[in-house]
Each structure stands twice: as structure tokens, then as C-alpha cells.
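Q: I am new to this structure and would like a close look at one part of it. Please keep it brisk.

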Amino acid sequence: MKISTKGRYGLTIMIELAKNMGEGPLSLKSIAQTHDLSEHYLEQLIAPLRNAGLVKSIRGAYGGYILADEPTKITAGDIIRVLEGPISPVEVIEDEEPAKRELWIRIRDAVKDVLDSTTLDDLANYEGGEQEAYMFYI
């Protein structure tokens, strides 16, 4: 399963809204400018997020979007499912060897667990540093 730009940019929108929580609505234009993204593309992504009840739109000159719930209650899995569809890295075929079928199910469940246990709050407040480089010895 590959996460497309829909999922990536959708997460970007939602993380920005989480960071801005409590400070009023945020415009897609400001998110687009901050991340050098197409505002038109973000407009296409916000509609399904709004229809799913993850964001609310505020009309008017100082309008924009806000999260519909607390960042601790919205998971990456919620967002990815809305924009990408069901989470299934490998199609499980019933007549496949039992060992391989079990492997595909375990992979699917592991991906779901990571996405469903990672909240917007986790992503918005992430303070990870530089990833350690791997050292290879020959």
C-alpha cells in the first residue's frame, strides 16, 4: 500500500489545523503557502475531510477550517481511510497458502495499529530529532 499525495497532503492539512487549535480558523491559502502546495489541490482534499466530520468550515472574511474534534481524538488512520480508502497493503486471497495468508493479515494489522494509535496531537507535537544513521560493518 502506497500513501499517495492525497493522504500526505491531507495529513499536512490536519496537522496544521491541530497546531492552530484554539486560535481560530485557518485558511487553506495559508497552509498552501507555508508548505508550498497547490491551494486548489488542498480544496479538493478538504471536502471529503469535512464530509467525514473531521473538519468544520467557517465562512466569512476571516473564515477557514478548524478541527471538528480534539487532536487527541483524531487518528492518522481516520484521515488516511477518508482520503485513500481501506487500509490493506496486500490483498488477502482465501486459497493462498495459510502461512502467506497469515503474513499478509499480520502486515495489514500492524499498519492499521500504527495508523490508529497515532493521533493528530502526536503528529502536531512531534519533536523528534535527526534520525541516527545506520552504521554498516563489513
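Which elements do the buried residues of α3 pack against?

A: A word on the model comes before the details. This is a predicted model, where local features need pLDDT of at least 70 and side-chain atom pairs count only at pLDDT 80 or more, while totals for chains, interfaces and linings use all residues. Residues are numbered from 1 along each chain as its sequence is written, and side-chain values use heavy atoms, with hydrogens and water left out.

Now the packing. The buried residues of α3 pack against α1 (5-19), α2 (28-35), β1 (55-58), β2 (64-67) and α4 (76-84). Those buried residues are Leu42, Leu45, Ile46 and Leu49. Buried means under 20% relative accessible area, exposed over 50%, and partly exposed in between, with a 1.4 Å probe and protein chains only. Contact means heavy atoms within 4.5 Å. Helices (H or I, at least four residues) and strands (E, at least two) are DSSP runs, numbered from the N terminus.

Next, the helix itself. α3 covers residues 39-51, which is 13 residues. From its first C-alpha to its last it reaches 19 Å, close to the 18 Å expected at 1.5 Å a residue. That expected span is 1.5 Å times one less than the number of residues.

Look at both ends. At the start of α3, a side-chain oxygen of Ser38 comes to within 3.3 Å of the backbone nitrogen of His40. After α3 comes Gly53, with a positive phi near 80 degrees.

Two of the packing partners are strands. β1 and β2 pair in the antiparallel sense over four bridges; strands pair if DSSP finds at least two bridges between them. Ser57 stands opposite Tyr65 in β2. The hairpin of β1 and β2 has five residues between the strands, and Gly60 there takes a positive phi near 115 degrees.

Step back to the chain. Its secondary structure comes to six helices and two strands, in the order α-α-α-β-β-α-α-α. Of its 138 residues, 30% count as buried. Among contacts with a separation of 6 or more, 65% join residues 24 or more positions apart. The C-alpha atoms fill a box of roughly 60 × 40 × 25 Å along the principal axes.

Thr119 sits in the loop between α5 (98-117) and α6 (120-124). Thr119 counts as buried because its relative accessibility is 15%. Leaving out residues up to four places away in sequence, Thr119 touches Pro71, Thr72, Ile74 and Thr75.

Key: Polar contact = N/O pair within 3.5 Å; in protein donor to acceptor, adjacent residues only side chain to side chain.
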